[in-house]
Amino acid sequence: MIFDFPVEIIREGMVNIAVPKLEAFKRGVWDYAPSRAPVFYNPLMKTCRDIAVLALQTYQNLAKRELKVSEPLAGCGVRGIRLAIEVKGVGAVYINDINDKACRIAQYNIKLNGLEDLVFASNEDANLFLSKSAAPNKRFDFIDIDPFGSPVPYMDSALRALKDSGMLALTATDMASLCGVYPKVALRKYGGASLRTEYCHEIAVRLLAGCLAMMAAKHEIGIRILLSHSTDHYIRLYSSISHGARKADESLEKMGFILHCFKCLHRKAHLGMPAVDLEAKCSKCGSNLKFAGPLWLGSIFDMEFCKKMEENLNRFEHLGGEAKRIVPLIRDEADAPISYYVIDKISDRIGLPTPPLKSVIENIRSMGFRAMRTHFNSRGVKTDAPSSIVIEAVKEAAQKIA
Ligand SMILES: C[S@@+](CC[C@H](N)C(=O)[O-])C[C@H]1O[C@@H](n2cnc3c(N)ncnc32)[C@H](O)[C@@H]1O
Ligand SMILES: [Zn+2]
């Protein structure tokens, strides 16, 4: 291996990959080495890549055609190479990175895995790379945008380089903006205000989806969210697209706002734009309402897609435990109501110990409402019950253990 920085071979999924030796770039125990290395590789994103393998296989099973795949911001190439080897029905993968060292290590990795006829590396700006594939006969079936921070700068070119009914995956790591720490940045980047609520990760997904819907509409393209997921430091969205002005209009009909009362935890989805007729006062307690949006109020999981993904999960035995934990949770919540409650927050407010989530869910159900866990938060509950019922359910469960 001829690289001017320390490199090691690791195994991820079913591939061997040369990556920067992260230990060599660490300045201390708590230092975050991936951002210091000359080429990016983050072992913590393995789950994200595992789920990408599953999602692409599920998409291929449904599309029933050989797929042309691209990863315009590929780093060392681990994701694209995994997609080429682990997903059946992939005809070609085009990986690209603006960093020439990344491109060189990706080329090495292609050879290391004997994929010279299936995976092709290039060294260009992602938007330039995508624009070269915007002509109808050159478009991709699947594009995976996995940048530092926000995917918004690449979304327009990705939409133009994607076939009708193709699938687009987006990663966003700018969680502070999307989760309400910097609502103005979210408005600037995503076209909607974020809000610092306990379910801000779901709001983040909906802001990203809303931004995609608005951007796609300009090209007379509609979107359908097949899957989304969130961990502490990133969110991920998988959407299929459909060409046509009517499809775009249908997508825009799913845009709206989430109104939130910080006093009694009441929340309400307000479908439609513009916002001039948004309620100002909480219908439950009279306090001022805050809002997030405009954002996507349509579904953020497709039940059929999630079920098929779970079936595939059983066939992909090599995938990591975290993917095995998340995928069934996502399937469980695929048709759940908008937003969720975090029971620790409620216990804090009422000054009681946090009860087991299971008993809170049982209590809500016994009062005649739907309730289920959510992958967004291990202490979260999704329900169609009003906030007063959720608080009551937490109180009852907490009193039993107090
Ligand atoms: C988060 S890393 C990609 C990680 C990779 N997708 C994976 O799964 O390991 C983002 C990459 O984007 C590349 N990059 C940044 N700006 C770019 C641009 N304008 N065009 C192409 N690549 C870019 C960086 O060099 C970096 O390798
Ligand atoms: Zn209220």
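This is a predicted model: local features need pLDDT of at least 70, side-chain atom pairs count only at pLDDT 80 or more; totals for chains, interfaces and linings use all residues.
Residues are numbered from 1 along each chain as its sequence is written, and chains are lettered from A and ligands numbered from 1 in the order in which they are written.

**Around glycine 321**
- Glycine 321 lies in helix H11 (residues 321-332), where helices (H or I, at least four residues) and strands (E, at least two) are DSSP runs numbered from the N terminus.
- The C-alpha atoms of glycine 321 and serine 378 are separated by 16 Å, the two residues being 57 residues apart along the chain.

**The seven-stranded sheet**
- Seven strands form an open sheet with mixed pairing in the order S5-S4-S3-S6-S7-S9-S8, two strands being paired if DSSP finds at least two bridges between them.
- Its edge strands, each pairing on one side only, are S5 (119-122) and S8 (221-230).
- Strand S4 (residues 90-96) pairs with S5 in the parallel sense over four bridges, and serine 122 in S5 is the bridge partner of asparagine 96.

**The nonpolar core**
- The largest nonpolar core has 128 residues, and those with the most contacts inside it are Cys76, Ala158, Ala204 and Leu208; such a core is a set of buried Ala, Val, Leu, Ile, Met, Phe, Trp, Tyr and Cys residues joined through C-beta atoms within 7 Å.
- Helix H8 (residues 200-218) gives the most to this core, with 12 residues.
- Because domain 1 (43-303) and domain 2 (341-402) both give residues to this core, it lies between them; the domain bounds come from an automatic or database domain assignment.

**Helix H13**
- In helix H13 (residues 357-366), the buried residues are Leu357, Val360, Ile361, Asn363 and Ile364.
- Seen down the axis of H13, these buried residues fall within an arc of 160°, so they line one face of the helix; the arc is that of the directions from the helix axis to the C-beta atoms.
- The face turned away from the buried side of H13 carries the exposed residues Lys358 and Ser366.
- Glycine 368, which follows H13, has a positive phi near 95°.

Notes: A residue is buried if 20 or more other C-beta atoms lie within 10 Å of its own, exposed if 12 or fewer, and partly exposed in between; C-beta atoms are placed from the backbone.
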